[in-house]
Amino acid sequence: MTYLYEIHCYQGDTFQYVVARTARLSEEKVRQDVEKMNHALGSEIYRKGMKYVFVAATNSKAAGDIREQNNRTKTVSVKRK
């Protein structure tokens, strides 16, 4: 079974767009990229609720189906200093 990994952009709890989609990179690599992207956000943008979220699904699911399952997705939370 092939997994499809996506990075989604959210503003608060509202989905904005898919930043990246891959089946070639490992889950760990994509999770690290999400962490780096969240750390790179400026403090003003972060305060407005902008965040990047990791999403994993089987390759057989359509991207629209993945977004509708938002409540069941795995997310990466980042503590800001």
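Buried means under 20% relative accessible area, exposed means over 50%, and partly exposed lies in between (1.4 Å probe, protein chains only). By that scale E27 is partly exposed, with a relative accessible area of 28%. This is a predicted model, in which local features need pLDDT of at least 70 and side-chain atom pairs count only at pLDDT 80 or more, while totals for chains, interfaces and linings use all residues. Residues are numbered from 1 along each chain as its sequence is written, and side-chain values use heavy atoms, with hydrogens and water left out.

**Sheet and helix**

- Helices (H or I, at least four residues) and strands (E, at least two) are DSSP runs, numbered from the N terminus.
- Three strands form an open sheet in the order β2-β1-β3, with antiparallel pairing; two strands pair if DSSP finds at least two bridges between them.
- β2 (14–22) and β3 (50–58) are the edge strands, each with a single partner strand, so one side of each has no neighbour in the sheet.
- From one strand to the next, the twist averages 30°; axes are lines fitted to C-alpha atoms, for helices over the stretch in contact, and angles run from 0 to 180 degrees between N-to-C directions.
- Strand β1 (residues 3–11) is joined to β3 by 9 bridges, and the two run antiparallel.
- E6 has V55 as its bridge partner in β3.
- Helix α1 (residues 27–40) packs on the sheet and touches β1, β2 and β3, its direction making about 170° with that of β3; contact means heavy atoms within 4.5 Å.

**Salt bridges**

- A salt bridge is a side-chain nitrogen of Lys or Arg within 4 Å of a carboxyl oxygen of Asp or Glu, and by this rule the count comes to 4.
- R21 pairs with E6, with the closest N and O atoms 2.5 Å apart.
- R21 lies in strand β2 and E6 in strand β1, so this pair ties together parts that are 15 residues apart in sequence.
- R21 is partly exposed at 45% relative accessibility, whereas E6 is buried at 0%.
- R31 forms a salt bridge with E27, the closest N and O atoms being 3.0 Å apart.
- R31 and E27 are 4 residues apart in helix α1, a separation of about one helical turn.
- R31 is buried, with a relative accessible area of 18%.
- K48 and E44 form a salt bridge with the closest N and O atoms 3.8 Å apart.
- K48 is exposed at 53% relative accessibility, and E44 is exposed with a relative accessible area of 51%.

**Nonpolar core**

- A nonpolar core is a set of buried Ala, Val, Leu, Ile, Met, Phe, Trp, Tyr and Cys residues joined through side-chain atoms within 4.5 Å.
- The largest one has 9 residues, namely Y5, I7, C9, V30, V34, L41, M50, Y52 and F54.
- β1, α1 and β3 are the elements that give two or more residues to this core.
- Not counting residues up to four places away in sequence, Y5 touches A20, R21, T22, L25, S26, E27, V30, F54, V55 and A56.

**Residue K51**

- K51 is in strand β3 and is partly exposed, with a relative accessible area of 32%.
- The C-alpha atoms of K51 and Y10 are 5.4 Å apart, although these residues are 41 residues apart along the chain.
- Leaving aside neighbours within four places in sequence, K51 is in contact with H8, C9, Y10, G12, D13, N38 and L41.
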